[in-house]
Amino acid sequence: MLCVFFLCLCTRESVEIMLQFQTLGVVSDSKMNLASALGRSFFEFPNT
């Protein structure tokens, strides 16, 4: 019984951690997209 409780606790913790990582991943993804878009436009200007 204790094992089941521990397993449930671990699963809940890992789910919360995964959700946090997912939100962090989404935020960093949008930041990376923004940075790459800015970088692309910055590098395109001198070429034209």
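Accessible areas here come from the Shrake-Rupley method with a 1.4 Å probe, and for residues only the protein chains shown count as cover.

View 1. Helices (H or I, at least four residues) and strands (E, at least two) are DSSP runs, numbered from the N terminus. The accessible surface comes to about 4,700 Å², and carbon and sulfur atoms account for 75% of that. Of the 48 residues, 0% are buried (under 20% relative accessible area, with exposed meaning over 50% and partly exposed in between; 1.4 Å probe, protein chains only). This is a predicted model, in which local features need pLDDT of at least 70, side-chain atom pairs count only at pLDDT 80 or more, and totals for chains, interfaces and linings use all residues. Residues are numbered from 1 along each chain as its sequence is written, and side-chain values use heavy atoms, with hydrogens and water left out.

**View 2. A nonpolar surface patch made by Leu 2, Phe 5, Phe 6 and Leu 9.** The patch covers about 470 Å². Patches are made of residues with over 30% relative accessible area and no salt bridge, joining like charges within 9 Å and nonpolar side chains (Val, Leu, Ile, Met, Phe, Trp, Tyr) within 5 Å. Take a look at Phe 6, which sits in helix 1 (residues 2-47) and is exposed, with a relative accessible area of 53%.

**View 3. The salt bridge between Glu 16 and Arg 12.** Glu 16 and Arg 12 are four residues apart in helix 1, so about one helical turn separates them. Glu 16 is partly exposed, with a relative accessible area of 36%.

How values were computed. A salt bridge is a side-chain nitrogen of Lys or Arg within 4 Å of a carboxyl oxygen of Asp or Glu.
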